[in-house]
Each structure stands twice: as structure tokens, then as C-alpha cells.
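Notebook open, structure loaded. I want to go through the salt bridges, then the strands, then the cores.

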Amino acid sequence: MVEERLYEPQERIWEQLSGKRIVLAGIENRERQFFCQNLAGIRAQLGANFTVLDGTEHVSEGDYVLLFGRPSWDGEDDGSLECAGADCGNQGKSVRSHKQGSRKWDVPASAWQRANTSWEETFDLLSQLEAVGRAKPGSILLVSGNEVYGKSFGMPHARAEEELGYVCHTNSLDVPAQCLRTEEHFACQLAREEAFPVKIARMGALPTGEAAGVLLTAAMQALIYGEDGEIYNLPGGEEYSLQGDPAAVPDEGENGALSPLEPLPVVTDARKLESLRR
């Protein structure tokens with residue numbers, strides 16, 4: 001259950017954005033589509049007085065910028081990826097099907113091709129970040145993902161922003177996490193060395209229903225009130241985020257205990273974002 005009390009009241013956030021321009025840029029991924037659609041919906045429902053634009057060419061001094069960093073391929077590939085096409089209701093996204101008898105360590109060439117595309121998208125994003133920062137926007141929020149936490153073992157707990165785990169540099173399936181870590185490092189470097197007004201927000205799975213509104217509000221809170229060069233966990237899909245009790249842990253599974261050989265599910269602690277309330 002999402003605890004709205006942890007975050008700035010929605011009406012106050014949208015008041016802060018009155019008369020502002022919000023520009024969406026970065027990688028063309030599902031998160032960018034989600035924010036675009038939901039920002040437009042909030043503007044229509046609340047009669048909010050802000051403008052939503054798409055593309056770095058629209059960025060000008062004083063604008064708020066959402067820069068989306070997740071590679072368009074999320075790395076969750078079992079070895080058989082095929083494009084469903086735009087006419088099948090999946091908008092060209094890949095469909096994953098299980099291949100009988102496949103072994104986890106048999107990584108097909110297609111996985112490395114997609115990994116290469118992810119790096120190309122990342123390098124383009126870094127160029128966009130530099131260009132956007134030199135346009136002197138009011139604030140930039142790099143929307144990263146909880147994949148950056150990688151694999152961790154031990155006692156289940158909600159992870160703070162600095163608690164990163166293991167990512168394998170020779171595993172194509174870990175490339176999205178590597179890309180996000182690179183983007184975050186570059187953003188923090190620009191904030192500290194070039195005084196770019198950039199913050200980082202990590203999110204889990206795309207939420208639905210009321211949780212979508214809470215996620216949007218929390219992201220705007222980080223964009224408006226966040227400190228440059230700082231990273232904040234956002235509320236999101238229940239499998240990724242905890243709200244309320246930061247000491248809570250994931251379910252232990254059917255046998256009452258997690259195997260010490262299995263990586264922990266990524267559950268994040270969003271208390272740092274709560275401290276941004278004004």
C-alpha cells in the first residue's frame with residue numbers, strides 16, 4: 001500500500017509547476033511514454049497550468065527537464081527474443097518466449113547486439129545531458145532504474161541509495177545496469193564539477209492506478225526540491241519499493257526462508273525523498 005503521507009501533497013507540487021515548461025528527453029523508453037501520458041492526464045484533470053514538451057531542442061533557460069535513462073531493452077532475456085511488430089498490440093516491443101532446453105549461460109548473439117544498442121543509447125543520453133545542462137534549465141531529473149542495485153545476498157532489507165550490489169561486466173544481461181550506473185556517475189560528476197542542476201531518481205516497475213499518481217508526484221518532488229548531484233529512490237511497483245516501514249523485508253517464500261544462494265529481491269528505502277518535503 002503506497003503511503004501518500006510520505007510525500008509532498010500533490011496539489012502543492014502542481015502549484016509549484018504553474019506556468020512552467022516540463023521537457024521530456026533522453027532514451028525513448030516505456031518510462032518516457034508513461035510520464036508523457038500521465039503528465040498530460042494530470043494537466044487535463046486538475047487544470048494545471050504547465051506545458052509538456054518532448055525533445056531536447058525545446059529546452060531553454062529555466063525549464064524543468066526529465067531525462068530518461070533506462071535502455072529500451074531491459075535486459076530480461078531468456079535467449080529467444082523476437083519482435084512482435086506494431087500490429088500485434090505490443091507497439092513493437094519484444095515478446096519473450098521460453099526455449100525448451102536452453103541453458104542460462106548460453107547467451108545468443110542477439111543479446112549482445114541488444115547490449116550494444118543499449119550502450120549506443122547511453123552515449124547519446126550523455127551527449128543530451130551535456131547539451132541540456134548548458135541550456136541553463138531550472139532543474140534536470142535523470143530518471144534511472146532500480147536495476148543499478150545489481151545482485152546482493154544476505155539478510156533481506158530495504159536498500160538505501162548507496163547500497164549497490166554486484167553487476168557482472170561480462171554478462172550481456174547486466175548491461176542495462178552497467179549503462180544506468182554510467183549515466184548516474186556522469187550526472188553526479190557534472191553536478192559537482194560543472195554545477196549542472198541535475199538530480200537522479202531511481203524507479204522500479206511502472207505502477208498503475210493510484211500508485212502512478214504517487215510516483216509522478218514523487219518524481220516532481222525530486223525535480224523541484226532535490227539537491228544537485230544527489231540520488232533518490234522513488235515509490236513504484238510493489239516488487240521494487242517499500243513505503244512506510246523502512247525496516248520491512250520481502251516475503252520469505254514458500255519454505256519460510258530465502259536461499260543464501262539466491263540474490264535478494266530489490267526492495268528500496270524511499271525515506272531520503274521524504275526529507276525533501278517543504
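**Salt bridges**

I started at lysine 272, which is partly exposed at a relative accessible area of 28%; buried here means under 20%, exposed over 50%, and partly exposed in between, with a 1.4 Å probe and protein chains only. Lysine 272 makes a salt bridge with glutamate 230, with the closest N and O atoms 2.7 Å apart. I take a salt bridge as a side-chain nitrogen of Lys or Arg within 4 Å of a carboxyl oxygen of Asp or Glu. This pair links distant parts of the chain: lysine 272 is in helix α6 (residues 271-274) and glutamate 230 in the loop between α5 and β8 (231-233), 42 residues apart. Glutamate 230 is partly exposed too, at 24% relative accessibility.

Before going on, a note on the source: this is a predicted model, where local features need pLDDT of at least 70 and side-chain atom pairs count only at pLDDT 80 or more, while totals for chains, interfaces and linings use all residues. Residues are numbered from 1 along each chain as its sequence is written, and side-chain values use heavy atoms, with hydrogens and water left out.

Searching the whole structure, I get 11 salt bridges. Glutamate 147 and arginine 70 form one of them, with N and O 2.9 Å apart at the closest. Glutamate 147 sits in the loop between β6 and α4 (175-193) and arginine 70 in the loop between β3 and β4 (81-83), so the pair ties together parts that are 77 residues apart in sequence. Arginine 70 is buried at 9%, while glutamate 147 is partly exposed at 23%.

I also looked up arginine 32, whose side chain meets that of glutamate 28 in a salt bridge (3.6 Å, N to O). Arginine 32 is buried at 5%, but glutamate 28 is exposed at 52%. Shared partners join Glu28, Arg32 and Asp54 into one network.

**Strand β3**

The chain has six helices and 10 strands; these are DSSP runs numbered from the N terminus, helices being H or I with at least four residues and strands E with at least two. How many residues of β3 (residues 64-68) are buried? Five of its five are. Side chains in a regular strand alternate between the two faces of the sheet. In β3, Tyr64, Leu66 and Phe68 are buried on one side, and Val65 and Leu67 on the other.

Next I checked the neighbours, counting strands as paired if DSSP finds at least two bridges between them. β3 runs parallel to β1 (residues 21-26), with five bridges, and phenylalanine 68 is the bridge partner of glycine 26. β3 also runs parallel to β6 (residues 139-145), again with five bridges; there, valine 65 stands opposite isoleucine 140.

**Cores and α5**

A nonpolar core is a set of buried Ala, Val, Leu, Ile, Met, Phe, Trp, Tyr and Cys residues joined through side-chain atoms within 4.5 Å. The largest has 33 residues, and those with the most contacts inside it include Trp14, Leu17, Leu66 and Met220. Its largest share, 10 residues, comes from α5. A second, separate core of 20 residues includes Val65, Leu129, Leu142 and Phe196.

Helix α5 (residues 210-225) has 14 of its 16 residues buried, so α5 is largely enclosed by the rest of the structure.

Last entry: leucine 17 has contacts (heavy atoms within 4.5 Å) with residues including Ile22, Tyr64, Met220 and Ile224, leaving aside neighbours within four places in sequence.

Note on methods
Expected span 1.5 Å × (residues − 1).
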